[in-house]
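Please look over the sequence and the model below before reading on.

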Amino acid sequence: MPTYRTASEEATIRLGEELAKALPRKRAVLLIGNLGAGKTTMAKGIVRGLGVSEPEEVSSPTFTLIHEYGSEGRVYHIDLYRLDEPRQVATLGLDEIFDREAVVLVEWGERFPRLMPAERTEIRIRITGNDEREIEVTEHS
Ligand code: ADP
Ligand code: MG
């Protein structure tokens with residue numbers, strides 16, 4: 001399982017662009033890490049790498065829960081931080097989104113393992129210093 005290190009927000013965005021190239025057109029990607037680790041930052045890089053949007057236009061979906069990028073909804077960015085109960089998450093209709101031919105980026109999805117596809121990419125981000133992050137990518141197929 002590849003492990004990367006970045007030393008700035010920009011470096012994490014660039015890594016996201018690189019990782020995006022290896023993603024299948026349809027894939028669930030769980031972004032895992034503490035608050036402030038860099039999950040949304042990584043999402044910006046992936047979204048740019050997939051060519052659907054610029055990082056400036058990617059914001060934390062904390063309040064809207066689900067953002068959609070690209071004309072054909074090629075990329076979704078979901079943040080489940082504010083939800084506590086699997087029942088609340090179930091009302092979002094995530095299954096239908098996971099079924100689409102799209103890359104689906106999910107923050108805090110690991111809190112609801114049964115609602116996440118078994119086939120997925122996990123990107124784990126650990127804070128190892130002020131601006132340093134250790135980023136581990138694992139494929140579950
Ligand atoms: P999360 O979505 O995990 O809560 P964000 O991506 O919103 O985290 O925020 C990450 C914060 O950490 C930003 O303020 C960013 O500038 C800062 N940061 C510092 N170093 C890095 C790094 N190497 N990679 C990503 N973010 C970093
Ligand atoms: Mg976030």
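**From the strands to the ligands**

The model is a predicted one, in which local features need pLDDT of at least 70 and side-chain atom pairs count only at pLDDT 80 or more, while totals for chains, interfaces and linings use all residues. Residues are numbered from 1 along each chain as its sequence is written, chains are lettered from A and ligands numbered from 1 in the order in which they are written, and side-chain values use heavy atoms, with hydrogens and water left out.

Strand 3 runs antiparallel to strand 4 (residues 75–79), the two being joined by 4 bridges; strands are said to pair if DSSP finds at least two bridges between them. E68 has Y76 of strand 4 as its bridge partner. Together strand 3 and strand 4 form a hairpin with 5 residues between them, and in its turn G70 has a positive phi of about 90°.

Another part of the fold is built around strand 7 (residues 133–140), where 6 of the 8 residues are buried, buried meaning under 20% relative accessible area, exposed over 50% and partly exposed in between, with a 1.4 Å probe and protein chains only. Strand 7 pairs in the antiparallel sense with strand 1 (residues 3–6) over 4 bridges, and also with strand 6, over 8 bridges. R133 is a point to follow in the model, as the bridge partner of T6 and as the residue that I127 stands opposite. A hairpin of 5 residues joins strand 6 to strand 7.

The loop between strand 5 (103–107) and strand 6 (120–127) holds W108. Although W108 is not a glycine, it has a positive phi of about 65°. Why does W108 count as buried? W108 counts as buried because its relative accessibility is 13%.

T12, which is found in helix 1, counts as buried because its relative accessibility is 4%. The C-alpha atoms of T12 and T41 are separated by 6.8 Å, although these residues are 29 apart along the chain.

An N or O atom in the side chain of T12 is 2.6 Å from a nitrogen atom of ligand 1, and a backbone N or O atom of S8 lies 3.1 Å from a nitrogen atom of the ligand. On the backbone of G38, an N or O atom lies 2.9 Å from an oxygen atom of ligand 1. Ligand 1 taken alone exposes 570 Å², of which the protein buries 76%, with areas from the Shrake-Rupley method and a 1.4 Å probe.

Ligand 2 is a magnesium ion, and its protein donors are T40 (OG1) and E107 (OE), which lie 2.2 to 2.3 Å from it. This pair links distant parts of the chain, with T40 in helix 2 and E107 in strand 5, 67 residues apart. Donors are N, O and S atoms within 2.8 Å of the metal (3.2 Å for Na, K and Ca), and water is not among the atoms, so sites may look incomplete. Both T40 and E107 are buried.

Definitions and conventions. Polar contact = N/O pair within 3.5 Å; in protein donor to acceptor, adjacent residues only side chain to side chain.
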